[in-house]
Amino acid sequence: MNQIIEKANFRNIHFIDGDQKFICYRTGMTVYEETFRHGRYMSAGWNTAGYMLNVLDDMPTRLDNNKFREPQSFDIEADGVSLSWDWDFAGFEQFEETAEKTNEPLTHAIVTLKSTVKDLTAKVHTILDGTPIFTRWIEVINNSDKPININVAAPMCGGIEVVEGWKDYMKGAPKRNKIYSLGYMDQTAWGHEGYFKWQDLPAAEYSFGGKYMNERYRQPFFMIRNNLLGTMMVAQMGWTGGYKFSFFNDHEESANARLSFRMEMASQKPIIILSQNESFETPKVHIGMINGDLDDAVNHMHKHIRKTVFTAPDVLGRIGWVEGGMGPERIMDVKATKHFIDTIAAVGGETMIIDAGWSCPLGTAVQEWWGRTGDWYPDSERYPNGIAEVRDYAHSKGLMFGLWMDIERLGNKSKAFKEHSEWISKPYKNENSNSQINMADPEAAAWVEAELIRVIEEYQCDLFRLDYNLGTDDLLNRYDNGYGTENAYVRYYQNTNAMYHRLKRRFPNVIFENCAGGGGRTDIEFVSNFTHTWVSDWNVAPRSLAITNGMTMALPPEVVDRLLSGMNCHTRASLDFQVRNTIFGRPTTNDYNCVGSEMNPAQIALVKHTFDIYKEHIRPYIRESKYFHHTPELINGYEGAEIAVEQPQGTAILERASEDCKHGVIGIFKLADAGDEEFITVYPKGIDSSMKYDVTFDNSGAKVEISGFEMINNGLKIRLPGTLTSELIIYEAK
């Protein structure tokens, strides 16, 4: 990544008025243009070298919208009528603002359009922050005196590019499905989060989605790589509900390739029923295009997220705490809790969390924690002196203390369920099994917020862990807003996100951790109100490493929770493999020996040693760090088959580095079926060829001095003896 380009913070929006209007968005070296013509607001194309598309006044390089069946840059359907055309241009405005926490300067533009088909206004919002990634959403306003059903909402779509004479760029027999590669998370199932893969984009329509037709554990994230011209589009949708992304790789008489796309909300219809003068905002799309590789795209997205999206304040000036906690798989009485606290303190943990089951009677947590959600009071048999006894013990060991809550559910064994069964959501399926509180209901949402405030204040929590344990069918709920039945997603998350936004600001010194039965709610909009997020409940090697690998592409690593020694993590791989995996995200620790037994000093020392590396060599530069995925695609299909391999194979290499190229760590992990090759050559990416470095090989403790030039050109040769082993390299500029 060129340093001059990387340091640029240029933001500019240029508006050209006239019969045909143009809006040119420039952020960093990325240029995206849109046009309004004949009642349609359309994509006009991209440039990744900073050039406006009319830099040659009389020979602009904008897209020919006649080449695309649906050239519009967003899409709305109201009362069964498509509003992709017949708009009146009602205004353009732009202004400067600042990001909520970082005070980073932002440029915000609004294009206002009025439909001539429905009495409805659409405001197209765009925010630039100087990175190549910009933020886009549509505000839809009902101007009529009647309700309007919104059935389709695609906040961004349209043409991307035309590649003329695409065959001339290919060697051998030209293949249309080799022009573009789509990078995305291949699976939606629990425990398979972050399964990144590249997919050849066929000469046809190709779609994927999540949380509606598919399960809920796929990140709404993609990359599109032009294999001929070297451009890379990267995008995420900040939306916790159902979504569908579609890509159209079309060809004009086989001479020119045309690429277009569509990012839309997906659910039962209508998405929302707007009452008179009511408005709603579509999910935010975070999108950009660069000339570069996967690492460039990832790091630009991380920088954008840190500057503009994740605006919840750090806790006590620190980010990336080493957490520890215990769950219902253990006896969570006072004795066991104090044992956990002692263990977490011994390995260098900084927080203690009591997970699911703290409100259940002794001996019932494993079986009943799910059904008792809603009654948020500590069990008196389990904690005879109240929560204060274990909280104060944690504080005496220097640990912050926290409690788990599945606050958006009422279990059928709870007193709250019996008193307020009317608050339970009404799903389209499985009506008898649902326990989700209908957060679209203002009264129910107010109770949830009040209960969460009470627990944090009454039990003096330093940390709150949110969970959300529901099946996908339970998420698809309907809501009667007085005008008819609509899908509940929009109103649910309008209220829910606003609540966590308020609470995180009410309790700025409380850590807010997000979990959803694993990684069920990791979109960047939801996570923006939390300090970090649990990305998966699967922590067994080697699949645990593939999850770290993929989820750190979409999310900055400091918010990606990775677990050591719990959830059966202990059953596979060497201890160094297990603990090193965690430091390429944000580490959480569990237990290492049963209550009443003696700690293994060598085991504890190795874990503490690795956490110390995280604290001393990673955390100081965590806010400006870069991340490099040397081996991005760890999951490969069986030869001749469509299904993915269950376990990642071969060798995985991950690298975290400071932005100034002075510090970094590299993890090398042998996975399943790693082969007989003992030596692996690693080429560090986060270094400067003009610097000299002290390089430490953590397995042996050996330290050598070597130049950046030599490492870039010759690499570092690493020996790993077998499957599920690892090495950690630490480099420091001299």
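In the predicted model, an open sheet is built from four strands, which follow one another in the order 6-5-11-20 and pair in the antiparallel sense. The edges of this sheet are taken by strand 6 (81-82) and strand 20 (272-274), each of which pairs on one side only. Strand 5, which spans residues 75-78, is joined to strand 6 by two bridges in the antiparallel sense, and Ala-78 has Val-81 of strand 6 as its bridge partner.

The loop that leads from strand 4 (40-47) to strand 5 contains Asn-65. Because its relative accessible area is 15%, and buried means under 20%, Asn-65 is classed as buried. The side chain of Asn-65 reaches the backbone oxygen of Ser-43 at 2.9 Å. Ser-43 is also among the residues that Asn-65 touches when those up to four places away in sequence are not counted, the others being Thr-35, Met-42 and Pro-71.

In soluble globular proteins, nonpolar side chains tend to be buried together. The largest nonpolar core of the model comprises 119 residues, and within this core the most contacts are made by Ile-150, Phe-222, Met-352 and Tyr-500. Helix 7 (residues 442-458) supplies eight residues, the largest share of this core. For Met-352, with residues up to four places away in sequence not counted, the residues touched include Gly-324, Gly-325 and Met-326, together with Thr-337, Phe-340, Ile-341 and Ile-344. Another core, of 33 residues, lies apart from the largest one, and its members include Val-322, Leu-545, Val-607 and Ala-652.

The second largest pocket holds about 760 Å³ of space. Its lining consists of 30 residues, and those that lie nearest the centre of the pocket are Trp-137, Glu-281, Lys-284, Glu-525 and Ser-528. Both strands and helices give two or more residues to this lining, namely strand 7 (87-98), strand 10 (133-142) and strand 22 (284-291), along with helix 2 (294-309) and helix 9 (489-506). Of the elements that line the second largest pocket, helix 9 gives the most, with seven residues.

Technical notes:
Residues numbered from 1 in each chain as written. Predicted model: local features only at pLDDT ≥ 70, side-chain atom pairs only at ≥ 80, totals over all residues. Heavy atoms only, no water. Pairing = 2+ DSSP bridges. Core = buried A, V, L, I, M, F, W, Y, C linked by side-chain atoms within 4.5 Å. Buried < 20%, exposed > 50% of the residue type's maximum accessible area, 1.4 Å probe, protein only. Contact = heavy atoms within 4.5 Å. Polar contact = N/O pair within 3.5 Å; in protein donor to acceptor, adjacent residues only side chain to side chain. 1 Å grid on protein atoms, 1.4 Å probe; cavity = no way out; pocket = protein on both sides within 12 Å on 5 of 7 lines; lining within 4 Å. Points joined across faces, edges and corners; volume = space filled by probe spheres on them.
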